[in-house]
Every structure is written in structure tokens, then in C-alpha cells.
Amino acid sequence: MSELHVLCKVNDTEYVLPASDVLQMESFAGATKVPGAAAQVAGLVQIRGRVVPVVDLRVVFGLAPVPPTLDSRVVVMKASERVVGLLVDSAREVLKIPADDFHPPPAVLVQQTDGLVKAVAQVGNRLLMLIDFIKVIGEEHHDGDE
Amino acid sequence: MSDGFEASEFITGFIAEAEEHLTLANANLLSLDQAAAKGQPTPRQVRELFRSLHTIKGLAAMVGVEPIVDIAHAMETVLREADRAAGQLPAGSLELLLRGTRAIGQRVTALAKRKTVATAPAALIEALNALRQSGSSRPEAAVGTTLPDELWTRLGSAEREQLVQGLTAGRRGVVATFIPAPERANAGVNITSVRERMAAVAEIVKVVPQSIPASDSAPGGLAFALILLTDATDPVIAEASSSDVSALRPIALQAATAAVASGQEGEDGDGEPTDSDDDSNPRQQGVVRVEVARLDDALEKLSALVVTQFRLTRALAALRAAGTDTRALALVVADNGRQLRDLRSSIMRARMVPVAEVLERVPLLLRGLSRATGKQARLELRTGKTELDKAVAERIFPAVVHLIRNAVDHALESPAERRAAGKPEMGLITVVAVERSDNQLELTISDDGRGVDAAAVARRAGVPVPATDDGLLELLTRPGLSTKSEVTTTSGRGVGMDVVKRIAVDELRGALAMTTIRGQGTTFVLRVPLSITIVDAFSFVSGGETFVVPVAMVEEIQELDPSRTVRGPDRRRVVRATPDRRQVARGTDMIERRGEAVPLLRLDEIFGLAGDAVAGRKVIIVRRNGEPFAFAVDRMLGQQEVVVRPLEDRLVRVDGISGTTDLGDGKPTLVLDLVALGGKLSAGPGPGRERARA
């Protein structure tokens, strides 16, 4: 895995995503709602001709959705055959974080985030949480809309 | 001429046929050009080109399009003479023939668009006619005949010239054989009498005595070969030579350099060149041209059948519920369902066209481009046997044209530059089509030109130089950027890249990728689905959102008439609205329709959208298993053909939504399956999804 990570913010908390899984980052001005889809699905966006489902990380983390701003970004990620966008409040930085700098998250955090945080890295005085993308979008065989 | 023409179906047929023959003509022109460049003779191409134009002329005359008749006639005359000169075209004729073909093409297009057809360009006709006069001075030396060597060598030079000139003038050449025999001599038939009789129906070039193995029919072991020029028919000649028609051998013109033996020259009253290579176009055999609209019509009829199948299934279920033994019937119904699916795939297959056919105009395009730019380019075209849907083919071709045009216009350097760069003067453009396992066609278009100047592109776009080819492609495909001429001329890439992207990615739901190396060339990879689902659909608004629904699914659209709406008693809570939205009430309202009570469902409520009091002015009625449902929506927007892309990710796989489409605003629009939605609602909020439909 590359050491490059995309840093994004959700509700002023900083998260990182492995850059090797990121296809692109796009600004966000709203999505086509999919009635009946799970609550965290913000909808569908068309990015470079591809229709991509967007998962709102705010909702994933139990926060209320907010209207899109100029800073809102969709981080389009791929996992095997699936391509899903993650909606974040902002995503600007790309950081180099050596694999050794990541540590398992504290048990409490695992408990409270349902395992969505895979690891934690301390960079300077910042604490960055590595998001488990697969957990966020759910396993493919796992039947949805709960 | 086309104005006020009544028989429009003839015009449609004419356009289809004319286009087919124009395609053939273009292919032959190209092949002519290539052969001519190598100094090869081109009798076959000339003959086929002649046939195409002859057919176009005939068809155009039938539908009364004089300008096309005139152009085709002038071209045909040049070709007829070339054919008689063993396929030797006068200098400069290729250019004129290309122009002529183009001129016909333009007029066919005008006709197709119901525009006025321009008169034949006088300058072109004149130039073509002038060709004929100058063409008669072609060198004789290059021409020979198909006469067997043992006979040809027996001819003196004057006799050879006599034969060639006769053939060139359009007379038929025939070798007849007379075998003397005692009983024939007794009947007064000998070579002298045959000569006399023959002189009355043919010009005798030479009579060559030949020794043949002695047999019952040729007891003397001697035969006379009569080399003839004639306008008479074979039976007449056979009679005059006291032999059978099958014993006659035709003589045709042939370029002296060509070692190939030409075939038969058949019976042809109007002097039209005849088939010598029947196998030259095998795919023409057993082929019927069908308008795509007819296949669509067949598909539509098929969907009606599928609906009937649903009704059958439902009736069957009712029988079973009543205690009847339906096992035998169920088997028949299941068979029927399978056959319907097979039929559907057959119809879909009928829509497929070979990629090779789609790309067959590419060599011609390249030829025109090299001529226009003065750059030399070689084409490598590898298409294999892949087939793709006609609708995809029609959409993808313009993208391919764009890419090739860019490659020649901007990517390939001038011959001098290439020489300086140590490259061969002739550029190379490669077009490869490969079918991928995921039902996608991969089209690779590469050049060995200068590569894209990322810095120039970035400067133009006012952004930092992209680090990757993907980033560069993204810049190149930005609308607006591509039209700047500076980029076009300095970046080696440009015009219409946004169009290519729009076609490949947005319209066809495919992908576009690029790799480029400075000084070495650029490769574009287009990936498009082999077939797409194109559906005629209604678009409408409900709860402020736009949706589409396939027309085939809709039984009726009507105004919502409040006076005929009945509010049902049960207003239970909806359980399945999206959790982050308010839980909305759903009533069991009904509308009365032709004596039938139809449940009225408000789509905005079902979908948890922001409905308002005035919403629900239109009603879309669908039927599921014979049971009608009415969906109230805000307003109808229109009807159009849309490309449906299924929603694959499980996050967005929802009953009642069959996919998305792009209505042109760059945003996905949901394609609704109102029939499934109705089914889901009538099944209630029970567990599980709707049972898989047959």
C-alpha cells in the first residue's frame, strides 16, 4: 500500500484514506436521491460519465447531513469491482504517512465507531483516523437496507 | 426534385440501398488507390465500383433523383471505359471519382433529411467527361487478354492488337472450337464452311489449327480454334461453329502484368461488366437490410407477449389456488417464458453489426486527411469478428473519427519533422477493436506522433501541469479548452476531445483513457458496452425530482380528476420511507376508471419526497399481473429515448428503480419500474424483496 493518504474532514475531525484506493476527488453540489436506499446513501452522482453512489460520512458517523458547501468533496474510491464516493466536509491535503506510524485504534474507539476506524496515526500534533472503506460501504454479499 | 415526392417509402429504401452501395464504392475506391500506388492492375475494383454506381444510377432513376443519376452516369462511363482497358484508370480519375462519390453521398444525405437535392456539380461532370477523351490514349502495352498462351502466342502483333482493340471497344471475345470429323465432312461441314458461316456473325481474328488427342469425337486428332470478336450471342456462335455452347470460351481483357486468370465473360446485353469474382463480397450473400426501427417494433411486440405471459402465470396461480392440478400447464408456461427470452436475445442479436463494417470507412477517412494535411500516414486496422449493437456503433463512430482526425491533424508531425526526429516519414495510426469478457468493446486508437504537450495544455487551461495522463486527459476533455486553436496546434491534441468523452463516457456509459509519451505518440482507449439498452421513456416530475418510466410499462396517462378520487379509510403509517426523512402517511385512495377501482399512489409520498398540496396533477397507470395501479405525479415533461444503465452497487439497488439515465443535464435520473413498485406496495411491508420476476 502506498504511504500517500488523502486527508479529509468530517465535522472538524480529520480522517485519512489510502490514496491508492482513491480514484478522484470531486466537488459536490448535490446528488440524485435514491428513495429506499439506506440512510447514509446521499444519492447518485455522475462523475466522468460513471454513475457513482455517494455515502455521506456524516450520516455514517451518526451526524445529521448538512447542505453541500464549496468545500464539500466526494472522494471516489474503489474496492475490487465497486466504486463508491464518500461525501466529506472537505478534502484538501495529501499526506505521506509511513505504515509504521499507524497504530490500532483504542478499543473504545472501535466499539463506538463500529469498527469504521481501522487505525490511528499521530502526525505532529494531529491525530488522524484511517477509515475502513469496506466497512463503510458494506460487504457486497451483505444484504442492504437496514 | 424530392419536394412533393409521394412515394416516401421508396425514398427510404433508396437511401438505405444507396448508402450500402456508396459504402462499397468507397471501399473499392480505397482499394483502387492502394493498388494504383503499388502499380498493380485494378480490374476487379473498377468492375465493382462500376456495379455500385450502375446500381445507384438505376435506383436514383427509379425514385427520380436526377442529380444523382447524372453524377453516377458520368462516373459509370469513365469506369466502363477503364474496365475495357483492363481496369486501367486514366490519370487523375481517382480524385474525381472520390469527389463524385462524395457528391452522391451528400445528395443522399440531403434526401434523407428531406432537403432539396442540389443539382449535379457541372464542373465535376465536365471533368469526368474530359477524362474519357484523354483516357483513350492509354498505353496499349499494359493490356493483354485471357486468351490461353498456346493461342496468344500464335497471334501476330496485328492480330493481337485487333483482338485487344475489339475487346476494348466492348465487343465480346470468344474462342470457338471446330473439330472436323468424317460424318461432318459428309454433311458438308468443314473448316471452310464453318469459316464462311462464322464470318456472317463474327469477326474472325484467327483460326488456329491445334492437335488434340484422337478420340471418337475427334478421330483426326485435330481441332480448329476460332478466335472471334462478336456481338452475337453464344448460341448463334455455337451454331455457326457446329459445336455446343459449352465448348465456347470467352476472352476478356486483362492487364498483361497480371498473372491471374480471369473468369467468364457472361451474356450481357448492355455491355455492363460482369462478375469475374463472385466470391469478392461473401457477406453480401443472404443478407437482408433491416431498419433498426423494425427491430425495435419487434421488441415492442415481444414486450406485449411478455405481459401476456405474466397474465398466464397469474391465471395459473389462480387455478392452483382453486385446487386444480396445474403441473402440466405450469410446464408449458415455463417453456413459453424461456422461449420468449430466447426470442428476445435473437432480436437483440439481429441488431448487432460487425465492428469491421463500422470501421470500414476509416481507411478512407485517413486517406482524405493525409491528402488534406500533406502528412503521410499508414493505417493498421485490426477489428476481428466482434459485433456490437447498431445503436452503439452509430454513436461510437463519430468519436473514432474525432480521434483519428486529431491524430493526423495534430499528433503526426510533418514528414520533415519526422525525419529530423529519426522517425519513418510515414506516420502510423493503429486502430484495434477487441471484445472484452465483460461485454465491452475496447477500441484502441494509437499514433506514433509527437505526443501531447502537457505543459502547453496546462498553460492554456491555466492550471498546474498535471502529473498523470489521467489528469491530462481530464484537462483535454474539458469543454471549451479543446476549441482553442493554440492548444490545437501546439499540444498535438485537441479538437473535440470533450465530444469524444461525452459520447464514450456520458452517452454510452463507457470509459476513455489515454497514455501519451512525448515524441513517441499517444494511445486512446475507448471502452464501450457492446450493446446498450435504449428505451423509449416518459419523463416526469414528482416531489420536485425528475424520473423516467419506460413507455412500454405505461398503460395510460391521464389527468387526475379529484371528483373521481375516493379517499380510502385506511391511513396506516409507512414503514419503508427513508429513515432520515419524516415518516409520511400513505392513504389508500382510489380513482374510478372505466368502472374499475384503481388504487391511487402518490409517488412523492412513497419516495418520501417533499410533496405539496398541488402535487399530483397527472396519473400514470400501470398494470401488474392484470391489476392496475395509478401513480400520481406532479407533471409530465416529455417522451424521449434514453439509455438505461442498471444500478449495480448494492447500496443503491432498490425495488422499483431499474437504473439511471442522463437526460442531458449531467446528473443521473432514476428510471423507475412502476410495475415492480406497484407489486412491492401491494405485497405490503413484509419481509424480503419482490420475488424474482419471470
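1. Chain B contains 22 helices and 24 strands, where helices (H or I, at least four residues) and strands (E, at least two) are DSSP runs numbered from the N terminus. The model is predicted: local features need pLDDT of at least 70, side-chain atom pairs count only at pLDDT 80 or more, and totals for chains, interfaces and linings use all residues. Residues are numbered from 1 along each chain as its sequence is written, while chains are lettered from A and ligands numbered from 1 in the order in which they are written.

2. Of the 694 residues in chain B, 35% are buried. A residue is buried if 20 or more other C-beta atoms, placed from the backbone, lie within 10 Å of its own, exposed if 12 or fewer, and partly exposed in between. Among chain B contacts (C-beta atoms, placed from the backbone, within 7 Å) between residues at least 6 apart in sequence, 67% join residues at least 24 apart.

3. Ala16(B) lies in helix α1 (residues 8–37) of chain B. With 14 other C-beta atoms within 10 Å, Ala16(B) is partly exposed. The C-alpha atoms of Ala16(B) and Val290(B) are 9.0 Å apart, although 274 residues separate the two in sequence.

4. Helix α3 (residues 66–84) of chain B has 19 residues and should span 27 Å at 1.5 Å a residue, in agreement with the 27 Å between its end C-alpha atoms; the expected span is 1.5 Å times one less than the number of residues. Because 16 of the 19 residues are buried, α3(B) is largely enclosed by the rest of the structure. Just after α3(B), Ala86(B) adopts a positive phi of about 55°.

5. The axes of α3(B) and helix α4 (residues 93–112) of chain B come within 10 Å and cross at roughly 160°. The two helices are therefore roughly antiparallel, a term for angles over 145 degrees. Residues of α3(B) including Ile68(B), Ile71(B) and Met75(B) take part in the contact with α4(B), to which α4(B) contributes residues including Leu97(B), Ala103(B) and Ile104(B). By class, this contact has nine nonpolar, two polar and one charged residues; Ala, Val, Leu, Ile, Met, Phe, Trp, Tyr, Cys and Pro count as nonpolar, Asp, Glu, Lys and Arg as charged, and the others, Gly among them, as polar.

6. Between the chains, 23 residues of chain A are in contact with 26 residues of chain B. On the side of chain A that touches chain B, β4 (41–47), β5 (50–56) and β7 (82–88) each supply at least two residues. The residues of that side comprise 14 nonpolar, five polar and four charged.

Definitions and conventions. Two residues are in contact if their C-beta atoms, placed from the backbone, lie within 7 Å. Axes are lines fitted to C-alpha atoms, for helices over the stretch in contact, and angles run from 0 to 180 degrees between N-to-C directions. Angles under 35 degrees count as roughly parallel, over 145 as roughly antiparallel, 65 to 115 as roughly perpendicular and the rest as oblique.
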